[in-house]
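Please consult the sequence and the structure shown here.

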Amino acid sequence: METNQKNQTINSIYGDYQKHLCEILETLTNRLSKANETYRLKNGEALYEHINGRIKSEQSMRDKCRRRGLPCTPYSALHELTDAIGLRIVTTFREDINQVIETIEHFEDCRIIEKKDYIHNVKPNGYRSYHLILDYETPFEDVCGHTPGHYFVEIQLRTIAMDTWASLEHQVSYKKNIDPKREKLIRQELKRCADELASCDISMQTIRNLIREDHSHENTTR
């Protein structure tokens with residue numbers, strides 16, 4: 001058993017469970033896509049704009065395990081850590097994020113075990129997003145030997161404005177050899193842009209609400 005675990009670690013940090021990760025990602029993506037289409041047909045508006053998914057790369061997962069002081073094993077990757085499977089859902093308006101969360105809460109085989117609201121609790125650098133950790137029940141055996149198995153899925157929910165800002169901030173964070181004075185200026189500008197985009201998000205939501213109220217009033221007076 002110990003030799004087999006060592007071989008799994010050499011071949012893949014996800015071990016024999018790697019084959020299930022893409023299937024879980026595809027299943028959840030398809031389910032959310034169907035929910036989006038159902039919502040659009042019912043309400044005339046999309047639930048969200050687009051969705052992206054990924055399985056955390058071998059190297060990224062190994063690096064994260066080392067940073068956390070964990071051994072590079074399937075148990076660490078799939079039980080101690082929770083972001084091997086990741087989804088990012090991008091909405092047009094802030095209120096749509098709540099609607100997506102409500103939709104996910106109705107998935108019978110998914111249980112939200114953690115919520116982090118960086119929209120109302122903004123990070124110091126200006127980062128805004130809403131993070132969920134799902135406990136997703138599958139027919140597959142999990143790393144703890146349970147069947148049905150349970151796998152973690154991390155979901156990030158952002159508006160288009162938040163996602164654009166986060167992409168730019170990510171470039172700065174991973175850019176090497178930036179002059180310290182220039183980097184300080186860039187981060188000051190990023191923080192200012194984050195606040196301005198947040199203000200725009202609120203204004204856009206207000207405008208949509210006014211349009212909806214006007215439409216509702218028009219229907220009731222006919």
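## Pairing of β1 and β2

Strands β1 and β2 (residues 85-91) run antiparallel and are joined by 6 bridges. Helices (H or I, at least four residues) and strands (E, at least two) are DSSP runs numbered from the N terminus. Ile 55 has Ile 85 in β2 as its bridge partner.

The model is predicted: local features need pLDDT of at least 70 and side-chain atom pairs pLDDT 80 or more, while totals for chains, interfaces and linings use all residues. Numbering starts from 1 along each chain as its sequence is written, and side-chain values use heavy atoms, without hydrogens and water.

## The sheet

An open sheet of 5 strands has the order β1-β2-β5-β4-β3, with mixed pairing; two strands pair if DSSP finds at least two bridges between them.

Helix α5 (residues 94-105) lies across β2, β3, β4 (130-138) and β5 (149-159), at about 165° to β5. Helix α6 (residues 160-174) lies across β1, β2 and β5, at about 100° to β5. Contact means heavy atoms within 4.5 Å; axes are lines fitted to C-alpha atoms, for helices over the stretch in contact, and angles run from 0 to 180 degrees between N-to-C directions.

## Ile 207 in helix α7

Ile 207 is found in helix α7 (residues 180-220). Ile 207 counts as partly exposed because its relative accessibility is 46%, where buried means under 20% relative accessible area, exposed over 50%, and partly exposed in between (1.4 Å probe, protein chains only).
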